[in-house]
Every structure is written in C-alpha cells, then in structure tokens.
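Here are some notes to read alongside the model. Please keep the structure open and find each element as it comes up.

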Amino acid sequence: MKSKVLKELILNRPLHKFSVLLLSFFATTFGLLAPFFQKGFIDVLSPASPTASNPANLSSMGLELNLFQYILGAVFFLFLSQVFFQLANLKGVHEALVAQRKLAKDLYNQVLSLKKNSWKSLSVGEIISFYTTDIPGSTLLLEQTLPQGASVFFPLILSPVALSLFFDIPIWHTALMILFISLINIYLGLKQSRFFYLFKALSSDRVAIVNEWIQNIYFLKVLNLITLFENKIFEIRERETLNRFNMTRNGQVMNSISSSITFLINVIGLIALIFISNKEFSTGDLLAMTWILGVFLVKPFRQLPWLFTFAFDAWSSIQRLNQFYEQTADSHTTTDLNNSNTNNQNLNDKNITVKNNIALSLKNLNFKISFLEILKDLSFDIQEGELIAIVGEVGSGKTSLLYSLIGETNPQYEAYHILNKSFTTLTPDELSESFTLVPQEGFILSATLKENITLDYNSDTYSDEEVLKSLSLAEFHLNSERFPDGLQTRIGERGIDLSGGQKQRLSLARAHFLKAKIVLLDDCLSALDSHTERKITQNLICDAWKSKTRLLVTHRLDILPLVDRVLFMHQGKIIDFDSYEQL
C-alpha cells in the first residue's frame with residue numbers, strides 16, 4: 001500500500017514511458033550533431049585555419065561537403081532536435097493525463113469503499129484537496145520530471161562525450177563541473193520543494209475549513225462562531241502568503257544562478273580548450289564549443305533546479321496520497337491481528353446453506369475498533385417479513401449492528417447470509433437492492449422534494465402519484481407542510497429548511513419508494529410527536545411494509561407489543577432475543 005501511487009505512475013504503461021526517454025535521447029543526439037556541422041561550415045570559410053584542409057574531420061570518413069550542405073545539415077539537425085524534444089514533452093503530458101484519470105478513478109473507488117468510522121477522521125475539504133492538488137501534483141512526475149529529466153540527463157551525459165570526441169577535452173573535467181553545478185541545483189530544488197509541500201498542506205487546510213464554514217454557516221451564525229472560523233481562515237491565508245513569498249524569492253535565486261552559470265561554463269570551457277586540450281583549435285572549434293556550452297547546455301542547466309523541484313513536489317503529493325490510502329486501510333482493520341484465523345473466517349460461509357424463509361442469518365459477528373470490542377459474537381436468524389425491535393441502553397451497539405449488517409464497519413463473522421446468499425458474494429448493486437437504511441439524521445439533497453424521494457435528478461421519469469403515496473404513508477402531506485411548489489419545491493442544502501421531524505419523514509418516504517426487501521430503521525422516529533409516530537408505525541411499518549423484513553432500533557417501549565420479536569443488547573452482546581410476551 002505504501003508504494004501504491006508510485007507503482008501506478010512508474011509501472012503502468014512502461015513502453016509509453018520508455019518512449020519519452022527514447023525521444024529525448026534522439027533530441028540530444030541530433031542537437032549535438034548541429035555544432036559538428038557548424039564547425040565544418042566555419043572551417044571551410046577560414047582557409048587559414050589549421051584544420052581547413054580537413055573540415056570537421058569529415059574527409060577521413062570519405063565525405064566532402066560544401067558550405068550549403070554544412071549549413072543545411074546544422075539547420076536540419078537543430079530542427080530535428082527541437083521536434084523530438086517537443087514530442088517528448090507532449091508524450092509526457094499525455095501520460096500524466098492518463099495517470100490522472102486512473103488515480104482519480106482509484107481515489108473515487110477508495111472513497112466509496114470507506115466505512116462509516118473512516119469518515120470521522122476525514123473532511124470533505126480534505127478529499128477535494130486530493131483531487132485538486134495531489135493527483136495533479138503526483139503526475140508532475142510524468143508531466144515534468146520524466147521529459148525534463150530526460151532532456152536534462154542526456155545533454156549532461158552526452159555533452160562531455162561530444163567535447164572529448166570533438167576537442168580532446170578530458171571527460172572528467174567537464175563531468176566534475178557539471179556535478180558541482182548539479183549539487184547546487186539539487187540543494188535549491190529541495191528547498192523549493194519544501195515550500196511547495198507547505199503550500200499544498202496549507203491550501204488543503206484552508207479548503208477544508210472553508211468547506212466546513214460554508215456548509216455550516218447558518219448554524220455558525222446562530223451560535224455566533226463565524227468570526228472564530230474567519231480568523232482561522234485568515235491565519236492560514238497569512239501563512240500561505242508568507243510561504244508564497246519565500247517560494248518566489250527562492251525561485252528567483254534559482255533562475256538567477258541557472259541563467260548566469262552558463263557564462264561561467266563558457267569561460268571554463270574555453271580555458272580548458274586552450275590550456276588542457278592538446279589539440280590545435282580552429283575558429284570552428286571555438287564556435288562549436290561556444291554553441292555546446294553557451295547555447296545547447298543553457299536549457300538543461302536552467303531546467304535542472306526546477307527538475308528537482310518538480311520531482312520533490314511530486315513526491316510530496318505521492319506521500320500524501322499514500323498516507324490517505326494507509327489511513328483508510330488502517331481504519332478498515334478492525335480485527336485482532338494476533339488471531340491468525342480471524343482474517344479468513346468470513347470466507348467460510350459460502351458453503352453454508354440456510355432455510356429459504358430466512359432473510360438474515362448471522363453467526364458469530366464481531367466488530368472491533370483497534371482493541372475495543374464494539375460487537376461480540378452476535379448470532380441470530382430472522383425470518384422474511386419479521387418486524388424486529390432492537391433495544392438497549394445508549395452505547396450498547398444497536399446502530400453499529402445495523403451498519404455492520406450492510407458492511408459499513410468491516411465486521412468479522414463466521415457466516416452471514418442475506419436472502420439465502422452469502423454476503424461475500426453480493427455485488428454492491430445486489431446489496432443496495434437488498435437493504436435500505438433510514439438513519440436517525442435524515443439525508444437530504446439540495447434538490448427538489450421529488451428528487452429527494454427518488455434519489456434521481458432525472459425524476460420526471462417517475463410518476464407523481466407514486467411519490468405522493470410514499471410521502472402520505474410517511475405522514476408528509478404537502479398541503480400542511482408549507483411546500484408552495486409541491487413536489488418541485490426546492491429544499492435548501494442539507495435540508496436546512498426542514499425540521500428534524502420532516503427530515504425523518506422524508507427519509508421514511510424515500511425508503512418506501514425505493515422498495516428494498518430489508519428495511520433498517522435506526523431510531524428514525526425519535527423526532528416525531530407521539531401521534532405521528534403511531535400513524536407511521538401502523539400505516540407504514542406494520543401495514544405497507546408487512547411483507548418486508550424490518551429491523552427497528554428504538555428507545556420507545558410502547559412499540560414493542562407490535563413487533564414480532566425483541567432483540568435486547570447490552571455492551572455489544574445479545575442478552576435475549578424473543579417475543580415481547582416471553583421477555
């Protein structure tokens with residue numbers, strides 16, 4: 001898991017990434033051939049030159065070129081060099097886009113797979129920052145580092161070889177000079193990457209708190225906490241501004257050094273040609289060396305500090321994404337790692353058969369968070385069409401049981417069957433068709449009333465009569481709920497316009513409309529008055545849903561005579577499970 005993102009960036013589509021290196025290699029080779037022809041052109045123009053009789057050393061290869069051919073060769077190879085460099089950059093951008101699409105899809109699937117307890121440590125703003133900042137940041141490894149790295153690496157490696165072949169300058173001389181300059185640029189690039197990392201971290205913090213501020217601004221206003229949040233946002237923004245200033249200053253230093261270093265290289269190179277090389281140099285030699293050191297290597301040296309900056313920046317994004325995957329993986333881990341049999345026990349229920357009229361069959365379900373036992377050895381069989389009340393004191397594990405039944409807590413069990421199918425074999429679509437959950441806090445979309453019931457923004461495909469029937473069974477009547485536009489009335493974000501009772505009744509209407517076979521009701525009548533509760537219990541839960549399997553978490557004891565059986569929980573265990581009369 002630690003190298004998940006890096007593996008995706010490096011190992012996926014390896015031939016395409018190798019093509020970037022190959023294109024950069026050809027671009028460098030063609031770029032170094034250009035001064036070879038330039039040298040020949042100048043030497044032909046300078047007959048007094050010591051090498052005029054053997055311009056560019058081509059005579060020894062049986063080639064005799066005229067001035068036009070020399071200049072044409074130089075232009076041709078320079079053109080090819082630029083074309084291949086651009087192709088390498090274009091290919092790098094394309095690979096980055098492909099990787100962004102794959103990483104975004106993986107992140108999306110990871111977010112969807114998060115269990116209920118995982119979301120407690122994550123905010124919406126943090127998830128958004130992964131998409132907007134870290135996925136593009138991590139793919140800088142392909143968009144910038146790979147093509148720029150190749151366009152820097154090959155010139156710095158091949159240039160000393162070319163200088164040695166053309167002018168007899170020892171390779172070690174040029175290599176040491178390049179190494180010294182590279183170390184300076186590595187230091188500046190590492191420093192710049194730290195500024196980038198802090199920039200992303202502060203940006204993520206700001207997006208997270210701004211998102212929270214916007215989502216809860218109504219309640220913050222009521223509680224007079226807006227100033228507190230705004231001060232926190234301003235504080236982060238001030239730190240961002242200071243960091244940006246330092247980042248810009250360091251970047252200008254990098255640019256200044258990389259821009260002026262080529263003049264030093266030219267001087268050192270010419271000194272080496274005159275005092276170190278044993279070759280008698282010509283005017284063409286001077287031009288060719290000036291071209292290699294003062295023109296050809298300018299771009300690599302200017303790119304070198306930014307290469308390390310982008311590489312370290314990409315690495316910081318890769319680390320942030322990996323930390324997210326590790327965090328969610330840890331939050332999924334709820335088993336005792338010392339028990340070697342626990343991790344595989346969920347697989348043992350595939351070959352276990354249950355009676356056809358059993359809706360839920362559970363054997364030895366356990367759920368832990370770290371080493372805290374939330375649910376302990378729960379086992380039961382529930383018949384199709386039964387109404388089960390789950391009761392117990394606060395913290396006894398009632399809600400955890402419901403979420404465990406739909407897999408949201410990643411529980412462990414010896415066997416678990418839903419409508420005669422093993423839980424481990426069900427697809428997400430099959431699971432959603434089997435269950436519907438009505439939570440205590442109703443989930444509301446910022447959409448029309450009808451769209452909130454159908455959970456579909458294209459709600460025109462559903463009949464109004466069907467939606468109104470579900471609303472009526474949930475005691476939600478438009479003529480008394482102050483919904484002036486009927487089913488097309490828009491509800492404020494997160495149901496801010498609705499009372500707690502209205503949210504619960506809308507959630508119940510939605511559950512009826514969706515027609516799942518098993519209905520899980522998590523204390524979803526708690527915000528209703530006793531009269532409305534009795535009507536919903538009788539008309540919806542006991543009558544309209546009489547053919548469905550229903551599990552109702554409740555603290556209202558007056559409903560117990562109406563249920564088929566009562567499941568009594570205490571400290572994560574089932575104390576008793578029998579009819580109300582027997583209990």
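1. A residue counts as buried when its relative accessible area is under 20%. The model is predicted, and the term is applied here to its computed surface. In helix α11 (residues 398-405), 7 of the 8 residues are buried. They are K398, S400, L401, L402, Y403, S404 and L405. After the helix comes G407, with a positive phi near 80 degrees.

2. Next, the sheet. Its 4 strands lie in the order β2-β1-β4-β5, and the sheet is open with antiparallel pairing. At the edges are β2 (372-383) and β5 (421-422), each of which pairs on one side only. Strands of a sheet pair through backbone hydrogen bonds.

3. How many bridges join β1 to β2? There are 8, and β1 covers residues 358-369. For F367, the bridge partner in β2 is L375. Helix α11 packs on this sheet, where it touches β1, β2 and β4 (415-418). The direction of α11 makes about 65 degrees with that of β2.

4. The largest nonpolar core has 35 residues. Those touching the most other members are L449, L471, L506, L508, L521 and W545. Elements that each supply at least two residues include β3 (387-391), α13 (449-454), α14 (464-473) and β7 (518-522). Helix α15 gives the most, with 5 residues. In soluble globular proteins, nonpolar side chains tend to be buried together.

5. Which residues does L508 touch, leaving out those up to four places away in sequence? They are V438, A474, L521, C524, L525, I536, L540 and W545.

Terms used: Residues numbered from 1 in each chain as written. Predicted model: local features only at pLDDT ≥ 70, side-chain atom pairs only at ≥ 80, totals over all residues. Heavy atoms only, no water. Buried < 20%, exposed > 50% of the residue type's maximum accessible area, 1.4 Å probe, protein only. Pairing = 2+ DSSP bridges. Contact = heavy atoms within 4.5 Å. Axes fitted to C-alpha atoms, helices over the stretch in contact; angles between N-to-C directions. Core = buried A, V, L, I, M, F, W, Y, C linked by side-chain atoms within 4.5 Å.
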